[in-house]
Structures are given as C-alpha cells and as structure tokens.
Amino acid sequence: MSFTIVITGVTRGLGRALAEQFSSMGHTVIGCGRNKDIIKNLSKSLPANTDFMALDISDHDIVQSWSREILGKFDVPDYLINNAAVINKNANLWEVSYSEFSKLIDINIKGTYNTIRSFLPEMIKCKKGTIVNFSSGWGRTTSPQVAPYCSSKWAIEGLSKSLSQELPDSMISVALSPGVIDTDMLRSCNVNARSYEKPESWAMRAAPYILNITQKDNGASLTIT
C-alpha cells in the first residue's frame, strides 16, 4: 500500500533520511525545509513521487499557502510528520539571547502548530491520518545548557497528548522520540555524537516503525529503539 506522507525539515538529518527512505519504499513524499539549494537538489535526485518546497515553517501564512497547494495536487496526507526543529547553542538559560530563544520557539512549537492547523482540517474531513510530532529524550528529561530546546520538546509532548484527545476515533496523534542519532544538531552539543547511529541506517528502521503506529498508540510517547 502506498501512502501520502508530509515531512517537515527534509534538508538534512532525520527528515532527509526519512524522505529518502519513504520514497524508496514507493510512498508519495512531500517535504519542506529552509535551504533553497538543498531543496532544489532533493527535487532533482529523488523520483517523481516527491514534492519539496523551500519555506520557513514558523511563517504561518506561508505554511497555509503551501498546504493549499499540496492539498490541490495530492491526496490528503496519511501521515503528517513534524520533524523540523533547531537547538540553541549550549548556554545557561539566562545567557541565551531573546532572539535565539524566540526563533527556537517559533520553529519547534509554532512551526508544529502551523503545519497541524494547515493540514489537519482536511484530514479530519476524511477521518483518517496519523500526526507524528518529533519529540526527544530531552522532551521527557532535562540537561543543563539546553533549556530552550528541552522546553520546546516538553511542549510537543503535551501538545501531542492533548491533540490525541481531540481527534476523531479513527485518527492518531503521538509524540515520537527518534532516539540518539548522529545528526548536526546532536554534534552541536555532544562531542561524542559521531559514535551513534547514522540517520540513513536509522531511517531504515524508523520508516516501518512509523507506518506501524496504530490506534492503540494514540496519545502515547513513543521511542524508536
């Protein structure tokens, strides 16, 4: 069975690996990211069952416009995967600038809200679809010098659980921690990041895991192990 899958943050790391993996499995993959050059290269390198656009998910109006275009071209998404996120530079909370904190919240929390608000109404009309909001181990625990990131992922946990209580019975919302993977984000705060699994091999496990999320998982905090 082929699904229509929307993924945010496809220009690198887990989002890109998932986009490539889902595409190789024959699914229709629709994605976005901020880097125009990478988006252009992705569009050229992946097959016809994909559609990528350069945009900033923190911009509500742009996300709404993107969703209208996508919903006019493709089936209503079976999966909406909110992966896009940024992390603050390692610092004590009082040393993080207002602009850096605000940008993180705008992308990690408001960006997730923007995509849900843009795609979910049509999914509800069809009474189908799974919302997968990427959380983190730092959405369930904390560490020093990443307080802004932790706060955003704790918010994603709460948002996902509350949303699960609002959806029709046929739909699903989960918070998903991908595990510890060697990404640019992890490298920015962990010198041992290179010792962990690479996104490409992770995606080979993560893609089928996501497709096997069922109604019994609705509202759960899941972890790919």
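Is E157 buried or exposed, and at what relative accessibility? Select E157 in the predicted model: at 7% relative accessibility, E157 counts as buried, where buried means under 20% relative accessible area, exposed over 50%, and partly exposed in between, with a 1.4 Å probe and protein chains only.

**Conventions**

Residues are numbered from 1 along each chain as its sequence is written, and side-chain values use heavy atoms, with hydrogens and water left out. Because this is a predicted model, local features need pLDDT of at least 70 and side-chain atom pairs count only at pLDDT 80 or more, while totals for chains, interfaces and linings use all residues.

**The whole chain**

Begin with a cartoon of the protein chain, which holds 7 helices and 7 strands. Both are DSSP runs numbered from the N terminus: helices are H or I with at least four residues, strands E with at least two. The order from the N terminus is β-α-β-α-β-α-β-α-β-α-β-α-α-β. The radius of gyration is 16 Å, close to the 17 Å that the globule rule gives for 225 residues, so the chain is as compact as a globular protein of that length; the radius is taken over C-alpha atoms, and the rule is 2.2 Å times the number of residues to the power 0.38. Along the principal axes, the C-alpha atoms fill a box of roughly 45 × 40 × 35 Å. Of the 225 residues, 50% count as buried.

**Around helix α5**

A salt bridge here is a side-chain nitrogen of Lys or Arg within 4 Å of a carboxyl oxygen of Asp or Glu. R140 lies in the loop between β5 and α5 and E157 in helix α5, so the pair ties together parts that are 17 residues apart in sequence. R140 is partly exposed, with a relative accessible area of 26%.

Next select K153, also found in helix α5. K153 is buried yet has no salt bridge; E157, the nearest side chain of opposite charge, is 8.8 Å away. Leaving aside neighbours within four places in sequence, the contacts of K153 (heavy atoms within 4.5 Å) include F134, S135 and W138.

**Two loop residues with positive phi**

Most residues other than glycine have a negative phi. Move to Q145, in the loop between β5 and α5 (147-166), where phi is positive at about 75°. Q145 counts as partly exposed at 33% relative accessibility. Then select K127, in the loop between α4 (98-126) and β5 (130-134); the phi of K127 is near 55°, and K127 is exposed, with a relative accessible area of 57%.

**Further salt bridges**

The structure holds 12 salt bridges. D184 lies in helix α6 and R12 in the loop between β1 (4-8) and α1 (13-24), so the pair ties together parts that are 172 residues apart in sequence. D184 is partly exposed at 46%, and R12 is partly exposed at 48%.

Another bridge joins D217 and K216 at 3.4 Å, N to O. D217 is buried, with a relative accessible area of 12%, whereas K216 is exposed at 72%. Finally, select D51, E69 and K73, which salt bridges with shared partners join into one network.

Terms used. Lys and Arg count as positive and Asp and Glu as negative; His and the chain ends are not counted.
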